Amino acid sequence: MGSSQRKGAAVPDTEETDSVCSSASSSMSSHVQEHETDEVQVDKGAVLDQCLDALYEKRGSTREKGLGMIIQAFNSSLQHDFVEEKFATMLHQCLNSIKKGSAAEMALASHAIGLLALTTGPGQKAEEILKESISPISDALRSSSQAPKMSSLVESLAISTFVAGEETEQIEKSMHVMWQVANPKLGHSVASTKSAPSVVATAVSAWSFLLTTISGSALNPKSWQESVAFLSMLLDKDDRLLRIAAGEALALIFEIGNLEKFFGENKGSVEASTNDDSRTLMHIHGLKNKVLNQVRGLSTEAGGKGSAKKDLNNQRNTFRDILDFFEDGYVPEVSTKIGGESLYISTWAKLIQLNFLKHFLGGGFVKHMQENQFLHDVFDFTPKKKFLSDENRISQMDKRMYRSPNSALSKARTQHLNKQRMLSQDKHAGHFAPGYDN
């Protein structure tokens with residue numbers, strides 16, 4: 001019968017057959033995956049080269065598109081090979097965009113420079129980024145007061161300084177630029193006019209971000225008294241993000257060391273102090289009480305007409321944490337998921353660093369936390385091995401970026417191929433083409 005087996009016919013071992021099939025399937029899958037990975041790697045290099053070439057174009061919109069795609073690529077994965085080969089070219093072209101481009105181009109270029117610094121990590125390249133960019137960024141901050149541009153410039157300088165700044169003097173120089181953006185009244189300011197609340201909030205956050213890297217013993221008592229008074233004044237502003245930035249900065253100041261330490265109480269005991277010292281201490285205690293009352297009020301503020309509930313709750317929660325810290329010394333404990341691993345934060349300094357980097361990297365934060373050794377060192381974080389060992393795995397983001405026909409990078413590649421095809425057609429139809437009649 002058709003369904004029966006012939007007597008004496010060899011019967012295949014089912015387990016062995018399954019094993020062979022599984023091995024063949026695994027081998028084929030591995031081969032296909034390696035081919036896909038090689039293809040994506042080639043695509044990455046080729047597309048990034050095209051994006052870099054776009055920065056030489058005269059049309060501003062073309063340069064902006066190139067910068068946007070570079071940012072997308074640096075967010076999706078760490079471009080170590082590209083940086084190794086094209087570091088100087090990318091930095092030079094981005095600096096040119098900051099010097100000569102539109103506000104939108106400046107914002108994109110400065111963000112790209114920040115990503116470049118995070119990708120290189122501490123060392124000679126990062127130091128070069130900081131050295132070459134601080135003057136153009138300062139000049140660009142004076143050129144106009146457009147909020148998105150100014151915020152991107154400040155964030156870029158903060159990231160570059162955070163990566164490269166080893167000396168307190170370097171860090172304080174960048175912090176001074178940020179403070180001038182937040183408070184333009186200070187002498188020869190980098191900001192030509194009063195900054196928008198969103199820009200002031202960014203500048204204060206960037207200033208706090210860099211403050212996390214400075215030892216309390218290196219701080220100047222006189223400048224601190226002015227800083228705390230200014231931050232206290234910001235707590236009374238209407239903009240909630242600005243209030244939160246100022247509150248977190250004050251919490252960080254308290255965490256690094258109490259105000260008396262900053263303002264010079266360590267010069268001697270209260271009894272032995274001069275009249276000037278006594279007046280200073282009275283002013284400090286008055287300032288502390290004012291800040292405490294402001295924080296207490298903001299932690300229970302009622303929502304007004306048109307008030308966004310999410311923003312209000314965010315403010316309340318933040319200032320409740322600050323109040324608990326001021327009154328009882330309790331620091332908020334935060335846990336955030338990085339892939340399959342949890343990152344735990346238990347200091348204001350690390351919380352400020354985490355929030356600033358999450359904001360700057362956006363959708364690329366998890367990828368950088370999984371693969372960026374510099375960030376591993378910053379947060380003392382070790383990701384699970386599966387994120388590091390499987391080099392042949394193509395991430396979903398990479399597939400969307402480099403393989404999807406709808407991605408900006410695929411469109412750029414198609415435009416490049418169409419351009420090459422048109423040039424080839426023009427060549428065949430030119431003066432020396434077959435069939436051309438004189």
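Start by selecting helix 3 (residues 80-100) together with helix 4 (residues 103-120), which pack at an angle of about 150° with their axes 10 Å apart; the two helices are therefore roughly antiparallel to each other, a term that applies to angles over 145 degrees. The axes in question are lines fitted to C-alpha atoms over the stretch in contact, and the angles run from 0 to 180 degrees between N-to-C directions. Helices here are DSSP runs (H or I) of at least four residues, and strands are runs (E) of at least two, numbered from the N terminus.

This is a predicted model, in which local features need pLDDT of at least 70 and side-chain atom pairs count only at pLDDT 80 or more, while totals for chains, interfaces and linings use all residues. Residues are numbered from 1 along each chain as its sequence is written, and side-chain values use heavy atoms, with hydrogens and water left out.

Stay with this pair and display the side chains between them. Residues of helix 3 including Val83, Phe87, Leu91 and Cys94 meet residues of helix 4 including Met106, Ala109, Ile113 and Leu116, where contact means heavy atoms within 4.5 Å. Helix 3 passes helix 4 in a left-handed crossing, that is, the near helix is turned anticlockwise from the far one by less than a right angle.

Next, look along helix 3 by itself. Helix 3 bends by about 80° at Lys86, the bend being the angle between axes fitted to the seven residues ending there and the seven starting there. At 1.5 Å a residue, its 21 residues should span 30 Å, and its end C-alpha atoms are 28 Å apart, which agrees; the expected span is 1.5 Å times one less than the number of residues. Among the buried residues of helix 3 are Phe82, Met90, Gln93 and Ile98.

Now select Gln93, which is found in helix 3 and is buried, with a relative accessible area of 6%; buried means under 20%, exposed over 50% and partly exposed in between, using a 1.4 Å probe and protein chains only. Leaving aside its neighbours within four places in sequence, Gln93 is in contact with Leu55 and Tyr56.

Move on to helix 6 (residues 147-164) and helix 7 (residues 168-182), which pack at an angle of about 165° with their axes 10 Å apart, and that makes helix 6 roughly antiparallel to helix 7. Their contact includes Met150, Val154 and Leu157 of helix 6, and Ser174, Val177 and Val181 of helix 7.

From there, select Val199 in helix 8 (residues 197-211), which counts as buried at 1% relative accessibility. Apart from its neighbours within four places in sequence, Val199 is in contact with Ala147, Met150, Ser151 and Val181.

Then go to Asp380, in the loop between helix 16 (373-379) and helix 17 (386-389). Asp380 counts as exposed at 71% relative accessibility, and has a positive phi of about 50° although it is not a glycine. Most residues other than glycine have a negative phi.

Finally, zoom out to the whole chain, whose secondary structure comes to 19 helices and two strands. Buried residues make up 45% of its 438 residues.

Definitions and conventions:
Angles under 35 degrees count as roughly parallel, over 145 as roughly antiparallel, 65 to 115 as roughly perpendicular and the rest as oblique.
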